[in-house]
Amino acid sequence: MLLSRVAERVYWQARYLERVENTARLLNVFSGLLLDLPKGTKLGWRTLVEITGTEDAFDGKYKQSSERNVIRFLLAENNGFSILDLLALTRENSRTTREVMPTEAFEQINELYYFAKENAASGVDRGARYQLLEEIINCCQQIWGLMAGTMSRDAAYSFVRIGRALERADMTTRVVDVGSGNLMPSVQEQNSVTDSAPEPYENILWMNILRSQSAYQMYRQHVRFRVNAEDVVRFLLLNEEFPRSTHHNLITLTKVLHKLPNNTRVTRQINKTKRLLKDADIEKLLRKGLLKHIDNLQLEMAAIHFTIAETWFLPNK
Amino acid sequence: MRVNWNTYNPGGFFDELISSPGYARKPARRLASYLRGLTHEELLQKKTAAELAIKTMGISFTVYSDAGNIDREWPFDIIPRVIAQKEWNRTDEGLKQRLRALNCFIHDVYNDQKILKDKVVPKELIENSGNFRKQCVGVKPKYNTWAHICGTDLIKDGDGEFYVLEDNLRVPSGVSYMLENRRVTKRVFPELFENYYDIRPVTEYPAQLLETLSALSPRKLKSPEVVVLTPGIYNSAYFEHSYLAQRMGAELVEGKDLVVEKDKVYMRTIDGLTQVDVVYRRIDDLFLDPSVFNKDSVLGVSGLFESWLKGNVALANAPGAGVADDKIIYTYVPDIIKYYLDEDPILPNVPSYLCINKAQRQHVLQNLDKLVVKPANESGGYGMLIGPQASKRELAEFKRRIKAEPRNYMAQPLISLSTVPILGDRVVEPRHVDLRPFILQADKSYVTAGGLTRVAMVKGSYVVNSSQGGGSKDTWIIGDS
């Protein structure tokens with residue numbers, strides 16, 4: 001028996017926790033990537049603001065998308081988007097679902113929150129950043145592991161998985177979006193000016209995008225061809241086996257939903273999203289720009305969220 | 001920091017651990033010598049370990065006046081309080097006796113009113129009681145029991161005996177802290193549990209509570225649907241509501257999660273509506289049901305009261321049970337025990353003066369600076385006057401209030417509350433304590449092994465409420481071994 005209100009909070013707790021981890025991965029990878037790219041590329045700290053979809057809030061506060069501003073904004077500020085605030089939200093949701101979640105999970109979330117609260121500001125400096133973000137990512141992994149290892153496969157756990165899968169599916173499209181739409185042209189433009197081979201930077205860029213999703217190694221084993229835009233996009237969006245690909249997460253959603261009551265409408269919406277994903281001609285889209293396609297995918301995923309909310313979270317009548 | 005019992009001085013008070021400088025009382029001897037053997041570093045380490053455990057375990061409470069900080073960490077002292085099993089057995093008996101009698105009283109008040117007709121308790125007291133609910137007249141809850149969960153505050157006076165200070169029959173809280181205090185102490189002093197003492201466990205409480213609540217179910221089911229009804233995350237006891245729900249495996253619901261259809265109570269789940277059998281409500285009577293009580297209540301559930309009247313759902317505690325949780329009725333409890341059970345009270349009351357009685361009121365007004373004055377219906381230590389510590393203005397103000405509303409006040413001599421040692425910044429120091437055991441009653445009765453010890457953390461203070469700077473300690477009921 002799971003209360004609708006509790007289901008909703010469990011779902012959001014998982015989404016926020018996943019968002020914490022994803023944001024930490026992004027910050028870490030970008031901090032490394034920007035050291036590798038030549039000066040003058042369009043790719044910059046601004047990109048992180050775009051991926052996380054926080055342009056309005058950021059521009060309301062800062063004029064310059066400098067490293068310091070962006071990192072502070074996404075790491076330690078009270079704005080609803082920073083890792084610290086996302087952790088506070090995770091903690092708040094887990095505080096109100098303590099009766100269905102394992103005690104140790106709450107305790108670790110609580111501990112991670114206090115750790116971040118004490119140390120987040122220090123990560124604005126490059127020297128301490130990597131260590132801090134790694135620690136946060138590890139803690140998130142620990143919490144996921146704890147839930148997987150101790151929770152019964154009941155409705156509450158289903159909503160943990162749903163929240164996590166949807167958040168991941170969404171985040172992966174954002175990362176791909178940035179790689180293809182925003183960055184590629186800039187790298188190409190620059191290369192055409194200098195008239196040198198485009199490969200090195202494109203290569204570095206896509207490699208780091210894979211890394212931000214912990215996908216580099218798996219991609220290597222799977223694709224066995226030098227890192228290139230089309231294969232990476234295909235891998236991140238369409239690969240069925242890789243746990244952070246959009247397709248894999250949509251499949252997970254279908255499987256988990258199967259066990260929940262009244263799932264017809266949600267399942268239908270997920271199938272619709274899957275079709276849109278699979279039917280796309282990636283090669284052609286890459287030539288014309290992926291932007292519109294990614295936008296459509298994100299709209300479909302937003303629709304999945306709303307259907308889930310209407311089916312299980314809103315009090316009947 | 002080292003523990004030195006030779007310089008520990010409880011003044012003129014009864015100290016529960018040390019009988020005279022350097023000498024521990026018998027049940028506490030092993031504890032006292034163990035503590036004395038710890039180095040400064042070890043003590044500090046244990047203190048820090050406890051603070052850390054409380055922080056990571058998320059043991060928190062809310063203070064209403066503390067805006068923006070809705071969960072504060074629980075103030076805790078690591079030195080446990082020790083009570084011998086033999087002494088506790090008697091206290092256990094006394095508490096069960098008291099609650100049995102109080103339940104007879106509540107049932108009588110809402111039904112035959114024999115005790116009023118026999119003039120053992122004055123009728124006016126009930127008629128003027130802020131906690132009497134006329135809507136409950138004629139109701140006969142299962143086992144004729146109204147107060148299923150009771151938190152009774154006990155204190156020790158200079159003679160070292162337990163006295164009853166008050167009975168909390170509405171929505172008493174604190175039991176989760178009793179459980180968590182034990183969890184923390186086990187982490188801090190595992191060696192004491194293993195080698196020194198036979199300490200009675202307290203962990204069975206949630207199972208006992210679930211059994212008590214399940215016994216109230218109107219439907220005969222193997223596992224009836226029990227829910228904990230909370231006002232929500234901003235309530236001072238939210239931690240406890242969620243804690244108890246989790247430990248019982250019951251749903252933690254807010255008013256908006258429940259709906260009443262055809263006089264039956266349902267909760268909204270992902271499967272649709274599911275019928276609820278027992279509501280352990282942690283909100284006050286007046287907020288339970290806007291269609292019967294406070295119309296503006298958004299915490300309650302419309303139709304809940306009617307479902308209860310029709311016998312389709314059990315409410316614990318029953319609405320109206322608070323009629324016996326009144327500081328004026330309290331003074332009659334010894335008579336109530338005699339009247340219904342024909343037994344002598346095992347646990348004594350603190351001597352009290354009723355302001356409604358003219359002669360006693362005179363005494364109170366003349367000796368206000370020596371007495372503690374309590375309003376009939378407040379809880380949490382609010383609205384009290386501690387005569388010896390009050391200013392002239394406060395004394396004058398209470399004189400005025402007592403004259404205006406004598407029914408609303410009673411007075412007691414300032415009890416020399418017993419002390420126990422706490423670990424201060426540098427030395428062990430005596431602090432005043434009380435004890436809140438929890439008593440359950442449905443088809444049978446149960447008393448916690450010990451209870452929640454509350455400590456006035458401020459030197460010399462008598463106020464133990466967590467909302468006003470109180471802390472707490474683990475309480476050990478120890479066997480004779």
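Reply: A salt bridge here is a side-chain nitrogen of Lys or Arg within 4 Å of a carboxyl oxygen of Asp or Glu. Over all chains, the whole structure has 52 salt bridges. A pair that crosses between chains runs from A:E107, in helix α6 of chain A, to B:R187, in helix α6 (residues 175–188) of chain B. The closest N and O atoms of A:E107 and B:R187 are 3.9 Å apart. Helices (H or I, at least four residues) and strands (E, at least two) are DSSP runs numbered from the N terminus.

The model is predicted, so local features need pLDDT of at least 70 and side-chain atom pairs count only at pLDDT 80 or more, while totals for chains, interfaces and linings use all residues. Residues are numbered from 1 along each chain as its sequence is written, chains are lettered from A and ligands numbered from 1 in the order written, and side-chain values use heavy atoms, with hydrogens and water left out.

The part to look at is the place where the chains meet. In chain A, 31 residues are in contact (heavy atoms within 4.5 Å) with 34 residues of chain B. Chain A and chain B bury about 2,700 Å² between them, and carbon and sulfur atoms give 46% of that area. Buried area is the accessible area (1.4 Å probe) that two parts lose on being put together, summed over both.

Five salt bridges cross from chain A to chain B, along with eleven residue pairs in polar contact, both residues at pLDDT 80 or more. A polar contact is a pair of N or O atoms within 3.5 Å; within protein, one must be able to donate a hydrogen and the other to accept it, and residues adjacent in sequence count only if both atoms are side-chain atoms. On the side of chain A that touches chain B, α1 (4–36), α5 (83–95), α6 (103–119) and α8 (155–194) of chain A each supply at least two residues. The most come from α6(A), which gives seven residues. By class, this side of chain A has 14 nonpolar, six polar and eleven charged residues. Nonpolar covers Ala, Val, Leu, Ile, Met, Phe, Trp, Tyr, Cys and Pro, charged covers Asp, Glu, Lys and Arg, and polar covers the others, Gly among them.

Chain B also has a contact within itself. Its automatic or database domain assignment gives domain 1 (1–131 + 150–202 + 336–350 + 419–481) and domain 2 (353–413). Fifteen residues of domain 1 of chain B and ten residues of domain 2 of chain B take part in the contact. The C-alpha centres of domain 1 and domain 2 of chain B lie 26 Å apart. About 1,000 Å² is buried between these two domains, with 44% from carbon and sulfur atoms. B:L125, B:V350 and B:Q468 supply 33% of the area that domain 1 of chain B buries against domain 2 of chain B, more than any other three residues. Between domain 1 and domain 2 of chain B there are zero salt bridges and one residue pair in polar contact, both at pLDDT 80 or more. Facing domain 2 of chain B, the touching side of domain 1 of chain B has five nonpolar, eight polar and two charged residues.

Chain B also has an open sheet of four strands, in the order β15-β18-β16-β17 with antiparallel pairing. At its edges, β15 (353–354) and β17 (385–386) of chain B each have a single partner strand, so one side of each is left without a neighbour in the sheet. Strands pair if DSSP finds at least two bridges between them; β16 (residues 371–375) of chain B is joined to β17(B) by two. B:V373 has B:L385 in β17(B) as its bridge partner.
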